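Okay, everyone, let's get going.

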Amino acid sequence: MTDTTWDPSKPILEIENLSISFFTRLREIPAVMDFSCTVMAGEAMGLVGESGCGKSTVALAVMRDLGKNGRIVGGSIKFKGRDLTHMSEEELRHIRGSEIAMIYQEPMASLNPAMKIGAQLAEVPMIHQGMARDEAWKLARQIVADVRLPDPDRILNAYPHQLSGGQQQRIVIAMALMSKPALLILDEPTTALDVTVEAGVIDLVKDLGHKYGTSMLFISHNLGLVLDVCNRLCVMYSGEAVETGNVKDVFDKMRHPYTQALFRSIPLPGADKNSRPLVAIPGNFPLPHERPTGCNFGPRCSYFAEGRCNAGDIPMVDVRDANRHESRCIRIEEIDWDAPLQAGKVFEKTPVGRVVLKLDDLKKYYSVSSGAFGSGSKKVVKANETLSFEAREGETLAIVGESGCGKSTFAKVLMGLETATSGQIMLFDENIQSTPIQSRNVDTISQVQMVFQNPFDTLNPSMTVGRQIIRALEIFNYGKSDEERRDRMLELLDLVKLPRAFAERMPRQLSGGQKQRVGIARAFAGGAKVVVADEPVSALDVSVQAAVTDLLMDIQRKNATTLLFISHDLSIVRYLSDRVMVMYLGHVVEMGTTDQVFSPPYHPYTEALLSAVPIADTRVIKQRIVLEGDIPSAMNPPPGCPFQTRCRWKGKVAGNLCETVMPPVRVLEGQHQIKCHLPDDVLANMEPVIKIAAE
Amino acid sequence: MFFFVLRRIGVMLLTAFALTFIVFYMTNLPPNLEKLAKSEASVRMSDEAVASWLDENGHSGSVFLRYAQWVGIAPGWVRLEDDGTTKGRCIEAGMTPEEAPRYCGILQGQWGFSTVFKQPVSEVLGRSLGATGWLMFWVMAVMVPTSLLLGVLSGMREGSRTDRVLSTFAIATTATPEYVSGVILIAVLASATAGVSPILHGWGWISGKTLFPGTATSAMENITFMNFALPVATIALYGIGYIARMTRASMTEVMTQQYIRTARLKGVSFRQVVMKHALRNALIAPFTVIMLQFPWLLNGVVISETLFNYKGFGWTLVQAAGNNDIDTLLGCSVVAVFVVLVTQLISDIGYVFLNPRIRLA
Amino acid sequence: MQDALTWGQIIAGLAARLFPVWIALAVLFAASFGFKRKLGLYGRIFDSPVGMIGFGLVMFWVFIAFFADMIITHDPLVQVSGMKNALPGSPVKGMEGAYYLLGGDHLARDVFSRVIMGAREVLKIAPAATVVAFMVGITLGLPAGYIGGKLDTSISFGSNLVLAFPVILLFYLLVTPEIRDTWIPTTLAAILFIFPVVFLAILFNSRFFTNPKQRNLYVGAVLVIGLWAYSGLAFNADPLGVWSMDPNVLNVFVSVVFVNSPGVFRIVRGMVMDIKTRDYVAAGQTRGEGPWYIMLWEILPNARGPLIVDFCLRIGYTTILLGTLGFFGLGVTPESPDWGSTINYGRRLLAIAPHPAVVPAIALMSLVLGLNLLADGLREESMKD
């Protein structure tokens, strides 16, 4: 159904002054206002912004799938010159799936659990091209091979739940490509995946985009990914596009205060918690019905001019001397965009004190019964193998790894929710590895506390904020009276920089970042000495991430806390940690100071991990290392070295050592530990993965 | 899979023994036995006479032993009378003690003798189960397709006018237990003084005094639409509402799933989205519900059969319970427990088969 | 001799008799509407037409039960000669200006007054039995879902046992006159009634154990009042004679609680298994909270939405069960005006005089319908968060 009258030099997608609102019983909530952008043939357009900025709404509007309450209230969306906003359901049906296809965030949820993969794929050409069933399956097989999945025949006959997350996302991509669409919309396609798996999927998307000449609308909150994939970029804030242009222009010569603030709040190489701390954007994202007049970013902007920025609607204007680069700022000509960042607070490096926590040869095995019906043989899952390290007062130790690496199990054992199988955990001079939390005394418990990952889950939704903190104080036997505890609770709110009035609020009235602050206050209620932070900022928006990270560092400096920072995000790890421990399938594969781990010699897994993390800096040149396949299941680890199934260096090791023998821990220079068979000379000659090009 | 079924069957047997024991215990409580003695022998018996009668007829001693004899896993009691004859649980009239089998319980097919119907329990049950079987068949035939259709139609577009109308209907029927719907149906359709019958009769449209007969006794011999419609409707109405609501809930949930959006944005038409993508996923939950409805259906059967005087299983149960007919009541319980447990097993296994996520995991 | 009333007059007469109910409903709705934004979930019922209709129906019957003495026209137990199966609107013989608004039953009693008093019978037992069933289900469901393992297996087995029992059979075994002479009803009552006391005691202890003074006050009060009521209700041994329960009612009450608890147990257990994976539960664990605090204060409040909905549905279900008991003439005295037994006696004469059975049938249906609609409205509103 290709429209023959369409001229390929014209834009594929042309959105003009689009406005979208959602209607509730009480009011109309504008979600997107005056949004314009164009996508040319073969171009990849990135839509970037924080959650709630309206980027997904734009994508759904292009698909005309806004649900019952959403409506396009103004503007037009032209696809190949035809206005989608005025099409009937029937016309839309012919375009959906055949000319515009969409890929979503949750691959598992986007596939029908009760239909075979092949049937779901073959359906597309059968509907749109009226293809026969056999032929459609044949095509499906070919596309499955195209998305680099092994053994296409088996996969076609499988159900979605039999595939791993990465494989499922490849299937979703294959489904989108079945009828070679002209436009592909990707809505955070890799957010649910591990970094090394994400790198593979992103590579695939890029290659297929070139191969089929598909235009792309790529939605992401991750600037690094956009730099990787897109030619052009549109930054959105609170329902409006604030800056559009070529990726390189926007990254290097940004002309909107929000874009600038965004870049200053993400940890790029070179940022450091002491000498070059991140600059968080002050304030909060405005709710859709509480937007200010004039510039939406005004109240948070450091260039705000009273009476001008909040006077009236601000239009998009062209940036001078640039190609298709626009910004929504009226002070664009006045601001000195190249002025260096005013030096923020610079901190002394905190001195590292005595050993607080010492792990020796810690092991944690689970026995699980295999099979869904609990009938098969018992299996042992080795969640943690021989974990040994020390953590000192005031130190930040990062634990890095992807899903299934055993970092959460380790946290549970440390907290006493599980007991260790063997080995030792010394907290100060107390052995706690086999004391479950019920038998720990109050002091021990209050000394080791935890900050959780999901801000929407970390607070009890039916208890006020103040009450939850007071409860922690009660449990830790703090204070003699209710008044004393109440005062302390208010002090804790001060500590995490929340207004005291929040004590009476319910968690649902707080934003994600604020909830996370309450979680931190609760963890420090008993004067914790060791805090385990399990991905504390990964679910937050980037601008909020900086503020919360800052807060953690601040409290750490004040209290000389030992911070165990669990994360998969190497950028933030490099920014804030003193030492790093990399885990893979229950094993510590590399451990050392931050500098040691982030520069060669690497463990092959660390190398791949470093390469996989997208970095939002045009100066960075990365070695592209894409791991094959998925992370093996911890239930069924490979023999020998756990990483051998995906290792690109395996050829450099003589014989089949990697497949048969677990590598020993080797201590290199400066207590840098690596668990690998690679010979010394190979390790010594490794190239750095990340280089910063000279300016 | 095999182990799963095996384990389920194990649990099921354990449940069956536990339940039948409870029933046995509760029907053989001393007051019940005393009543039995008085009705079988003489109403004006002294307490000692009752005790000795019970002793002579094997109703004394440990309840566990009596239960085991009744099930047929312990040898039946044997007792030498003063007059030299040997009486025993397994010794029927005209049988010598040597000919009699050692075990005679439920497992051997000896279900006892009904004191109300003056027949072996197995015959009573056989006849009444046959009658109820037809009733259940028609109830299912009406209830399942209707409720699934209603549920799917209203769940397909949540909040639409069809949905509101059908949901209200479903809620109204779940608020109408069988004894209410039965009474109203009779009053409206089968009463000579109220409802539509007098009007129709006045117009001369029906020759009899009522549109439908108020009883279903004649259906014992010959089932017709006229004599069976009301009892079937009475039972089905409550179930229809319940299953339709379950189906609707399941359907609306499925329709909000991401994969339905995927299908829609692939360009699949709404009809095909419902038929091909939503239906199978949406019917998993109602299937189990239908199977687990059996204990409640049994209630409906009992009420409907009592109300319409249809002499099936439910009617027999009421007669047995009302007249202290211990053997028949026990027989009924065994059948009821068996039916419930088997449907539960089918529901479990069916769920596993319908849901590929579990089957192949 | 007076003339019989026309249908219009009957309806006017009914409306006039129900005058206190209309006033109470009007006041309640006006007040609730005025403050609906401040009343939380209760206030939100008034946002949903379905919920409002349901709530109106339920409150209609609650007020009827409350004002029953003012509403009835005749003593519900008195038989007036010549009024046997009288048609609705018939004048009462020998009484000037008195009518049987909804006719007379097979024993020549006033159907209208009996239905009004029947509402009192139902609303006395159904909500209380449901509350006890919830306490039992929650107290068992929380540890089964939270701790799991063998404890869960055994409690679940027990609850499945009860669920597999056809309700009607259970009633025939449990609610007979003979069984009152045995240990069974008292023992069941002793087991089931201890749960509310245990539940409340644990509830307060887990919350206030850090502050012994407060804890002793609350737990002490619960134990004193609870055990006092317990001794009276379960064993009829209240030394002060305040708490007591008719053995007939006790038998019915206990059976209904017994049948309902496993259903509550299943729901609670499922919800606990879901909620216990949340981070705030882990936060409670890592600060060393006891299991009961986590179950009762961290998990239970967050399961309240579905539980409130189920509570409404379950009162309706209990009402149906009570009706079933009455319908089979189990456990209630023959002259009791409760709806189930009234239907039972009325059904025998359905073909000639349907009104004695139809009136209570419609009453029961409208109450249960009200509860179902209310539950539906609540469910919809609570999902909007």
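So, β1(A) and β2(A) make a hairpin, and 4 residues sit between them. When I say strand or helix, I mean DSSP runs numbered from the N terminus: H or I with at least four residues for helices, E with at least two for strands. This is a predicted model, where local features need pLDDT of at least 70 and side-chain atom pairs count only at pLDDT 80 or more, while totals for chains, interfaces and linings use all residues. For bookkeeping, residues are numbered from 1 along each chain as its sequence is written, and chains are lettered from A and ligands numbered from 1 in the order in which they are written.

β1 covers residues 13-23 of chain A, and its antiparallel pairing with β2(A) runs over 8 bridges; pairing here takes at least two DSSP bridges between the two strands.

What is the order of the strands in the open sheet? Reading across chain A, it goes β2-β1-β4-β5, 4 strands with antiparallel pairing. The edges are β2 (28-39) and β5 (82-83) of chain A, each of which pairs on one side only. β4, residues 70-79 of chain A, is joined to β5(A) by 2 bridges, again antiparallel, and there A:Phe79 faces A:Arg82.

Now to some parallel pairing, still in chain A. Strand β3 (residues 44-48) runs parallel to β8(A), with 5 bridges between them, and A:Ala44 is opposite A:Met216. Strand β7 (residues 183-187) is parallel to β8(A) too, also through 5 bridges; in that pair, A:Asp187 has A:Ile219 as its bridge partner.

So is β8(A) mostly covered or uncovered? Mostly covered: β8 spans residues 215-220 of chain A, and 6 of its 6 residues are buried. Buried means 20 or more other C-beta atoms within 10 Å of the residue's own, exposed means 12 or fewer, and partly exposed is in between, with C-beta atoms placed from the backbone. A:Ser215, A:Leu217 and A:Ile219 point one way, A:Met216, A:Phe218 and A:Ser220 point the other way, and all are buried.

pLDDT is the predictor's confidence in each residue, from 0 to 100. Chain A has a mean of 85, with 97% of its residues at 70 or more. The stretch to watch is residues 371-375 of chain A, where pLDDT is below 50; beyond near neighbours in sequence, that stretch has 9 contacts in the model. A contact is two residues whose C-beta atoms, placed from the backbone, lie within 7 Å.

On to the interfaces. For the classes, Ala, Val, Leu, Ile, Met, Phe, Trp, Tyr, Cys and Pro are nonpolar, Asp, Glu, Lys and Arg are charged, and the others, Gly among them, are polar.

The contact of chain C with chain B takes 36 residues from chain C and 41 from chain B. Which element gives the most to the chain C side? That's α16(C), with 10 residues. Elements giving two or more residues there include α14 (304-327) and α16 (355-383) of chain C. By class, the chain C side has 26 nonpolar, 6 polar and 4 charged residues.

The axes of α14(C) and α16(C) come within 8 Å and cross at roughly 170°; axes are lines fitted to C-alpha atoms over the stretch in contact, with angles from 0 to 180 degrees between N-to-C directions. So α14(C) and α16(C) are roughly antiparallel, given that over 145 degrees counts as roughly antiparallel, under 35 as roughly parallel, 65 to 115 as roughly perpendicular and the rest as oblique. Residues in this contact include C:Ile308 and C:Leu313 of α14(C) and C:Leu367 and C:Leu371 of α16(C). In total, the contact has 13 nonpolar, 6 polar and 1 charged residues.
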